[in-house]
Each structure stands twice: as C-alpha cells, then as structure tokens.
Amino acid sequence: MPRTHKTLPRLFLDAPLMQGGAVALDKDQTNYLLNVLRRRSGDAVVVFNGRDGAFLAAIEQLSKKTVGLSLGERTAAQTAPSDLWYGFAPLKSARLDYVVQKATEMGAGIIQPVITRHTQLTRINLDRLRANAREAAEQCEVLSIPRIDDEIGLRELLATWQDIHGDRQLVFADEGEEAASPVAALAAIEGRRIGLLIGPEGGFSDDERELLRAQAFVVPISLGPRILRADTAAVAALAVIQSIIGDWR
Ligand code: SAH
C-alpha cells in the first residue's frame, strides 16, 4: 500500500481536526509522546479522529507537563468505516487483547463479544477492548476505530439478528463442518453485508451448532482439517473473507 509519513507516530484524538487548528493532549497522550516515544517540542506526528481524516501535527510543549499539537496539512481524507462484523466468544485476558487487536488489523468494523455455553469469560472490560482497538488502529493506519458493542448471548444474538442486521449474512466457523474449502461458500455471498462468528476455546455445544445451522442467514464454513485455537481461527477466517469477498481483492 502506498504510504506517506510512515515513520511518524500516529495518534487517535477524540477532538475536531482541521488544518491550522490546535489540540491540547490529555495526561496519557502527553506521557505517551514525551516518555514512551521520547518526542520533543517541534517533532511531528500524524493524528486522526475517525471523522476528519489524518493530519500532520507539530508538538508544542505548553508547560512542563502539558503538550499541545498544532495541526498542519491533511495527509489523508477520511475513508468510510468498515462494515465487517466480527463476533467472538471472549477469551481470557492476553488472548482477548490479541483477538481485538488482530480483528482491527484485519479490517473488522464492528466487534461483538458473544457469550456461548463454553465461554470462559462472561464479564468483559469494554474499556480495555476499546483501548486495544484504538492502539491497533493507530498502528495499522486505518482511519476509523472499530466499534465495540456490549456483550450479548448467542441465543439473543440469533433471535434479534434480522431485526438488527437486516440481510447481513453470518459466516459461522464451524469446527464440526466436514473439512472443505471455504472459497465456494464465501463466493456465493459476494456483495452481501458480512458477519463472522468464531467460537470459544471449548467450541460450540452441539445444540448451539444445531441452532446456528438452522438459521437461513447463517453460512457455515470449515477452516480446514485441523482444529485451530480460537485466536488463530479468527485471523484465518478474516483473511479468507478479506481475500475472497472483502477488501483484499
Ligand atoms: N475445543 C473445541 C475447538 C474449539 S476451536 C473442539 O475440540 O471442538 C475454537 C473455534 O475456532 C471454534 O468454535 C470455531 O469457531 C473455530 N475453528 C477452529 N478450528 C476450525 C476449523 N477447522 N473449521 C472451522 N472453524 C474452526
């Protein structure tokens, strides 16, 4: 992908951005720029807010502890956020951080924790998930941060799917599916709005699999002849979706 300013740190700011504008940074962002990245007054960074595109900005030390940014030229116009929905059964802490970061890198636009029978974790720190999504977005140069929705039970998700998601198709990584290529199943839903559902480390229960497969909007796929860990399955499934019917084409 052609890139500009790739050596500069990128920072998400929840503030209006425009050329010639100025932004004061909060404590965490100041600490990150001065102490983690060791930047100083006059150094350049790239900032984005998910709405106005990306801008070059120069650091201005306002006082010993506060830093501001003066905004220069816009380096990228805002792009539409991804519409790819990713639902997953939350995993324990380090792996949970990992799947949210990887889903962001792989281009998910909506991230939805789904509680299933064998889910290991039922109380989720959404702020932590959001921080992971933000950091990953800063690194991988997407201009929108994925939305993270409150957790929902699998049965409720399926019962309300069509009301909430309309005709979005739900690709279901089914470890019990006969090993076969997912290419044809995905090619058949090209052009549709897409969701992807990955199960917990313990897998889906038999009745959950049955319920999923009974829904007209569910498209079961196999990810090959090996059982993948949930975090691996997520990255693998997002890669085949992006390459066959998504934004890698
Ligand atoms: N412990 C379970 C495996 C769970 S793997 C068992 O032994 O059956 C975690 C999740 O990754 C699964 O629920 C599924 O969504 C996905 N997954 C892993 N391997 C897969 C495969 N070969 N095909 C489709 N989905 C797979």
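**Ligand site**

Student: Of the 19 residues around the ligand, which come nearest?
Tutor: This is a predicted model, in which local features need pLDDT of at least 70, side-chain atom pairs count only at pLDDT 80 or more, and totals for chains, interfaces and linings use all residues. Residues are numbered from 1 along each chain as its sequence is written, and side-chain values use heavy atoms, with hydrogens and water left out. A residue is near a molecule or strand if one of its heavy atoms lies within 4 Å of it. Of the 19 residues around the ligand, the nearest are A173, E201, L223, R226 and L228.

Student: How far is a nitrogen atom of the ligand from a polar backbone atom of L228?
Tutor: Take the backbone pairs in turn. A polar backbone atom of A173 is 2.7 Å from an oxygen atom of the ligand. A backbone N or O atom of E201 lies 2.8 Å from a ligand nitrogen. For L228, the distance from a polar backbone atom to a ligand nitrogen is 2.9 Å.

Student: What share of the ligand's exposed area does the protein bury?
Tutor: Areas come from the Shrake-Rupley method with a 1.4 Å probe; for residues, only the protein chains shown count as cover. Taken alone, the ligand exposes 560 Å². The share that the protein buries is 83%.

Student: How many charged residues does the shell around the ligand have?
Tutor: Asp, Glu, Lys and Arg count as charged; Ala, Val, Leu, Ile, Met, Phe, Trp, Tyr, Cys and Pro as nonpolar; the others, Gly among them, as polar. The shell has ten nonpolar and five polar residues. Its charged residues number four.

**Residues of one loop**

Student: Which side chain does the side chain of E201 join in a polar contact of 2.8 Å?
Tutor: E201 sits in the loop between β11 and α6; helices (H or I, at least four residues) and strands (E, at least two) are DSSP runs, numbered from the N terminus. E201 touches L91, R95, Q120, R229 and A230, leaving aside residues up to four places away in sequence; contact means heavy atoms within 4.5 Å. A polar contact is a pair of N or O atoms within 3.5 Å; within protein, one must be able to donate a hydrogen and the other to accept it, and residues adjacent in sequence count only if both atoms are side-chain atoms. The 2.8 Å partner of E201 is R229.

Student: Is S205 buried or exposed?
Tutor: S205 also lies in the loop between β11 and α6. Its side chain makes a polar contact of 2.6 Å with the side chain of D207. Buried means under 20% relative accessible area, exposed over 50%, partly exposed in between (1.4 Å probe, protein chains only). At 7% relative accessibility, S205 is buried.

**Helix α4**

Student: Why do the buried residues of α4 line one face of the helix?
Tutor: In α4 (residues 154-165), the buried residues are L154, L157, L158, W161 and H165. An α-helix has 3.6 residues a turn, so residues three or four places apart point the same way. The arc is that of the directions from the helix axis to the C-beta atoms. Seen down the axis of α4, the buried residues line one face because they fall within an arc of 95°.

Student: Which residues are exposed on the other side of α4?
Tutor: The buried residues pack against several elements, including β6 (85-88), β10 (169-173) and α6 (206-213). On the other side, the exposed residues are A159 and D163.

Student: What is the relative accessible area of G87?
Tutor: G87 lies in strand β6. Not counting residues up to four places away in sequence, G87 touches Q112, V114, L196, L197 and I198. G87 is buried, with a relative accessible area of 0%.

Student: What value is phi of R38 near?
Tutor: R38 lies in the loop between α1 (27-36) and β3 (44-48). R38 counts as exposed, at 59% relative accessibility. Phi is positive here, in a residue other than glycine, and near 55°.

**Whole protein**

Student: What percentage of the 249 residues in the protein are buried?
Tutor: The protein has seven helices and twelve strands. Its C-alpha trace spans about 60 × 35 × 35 Å along its principal axes. Of the 249 residues, the buried ones make up 46%.
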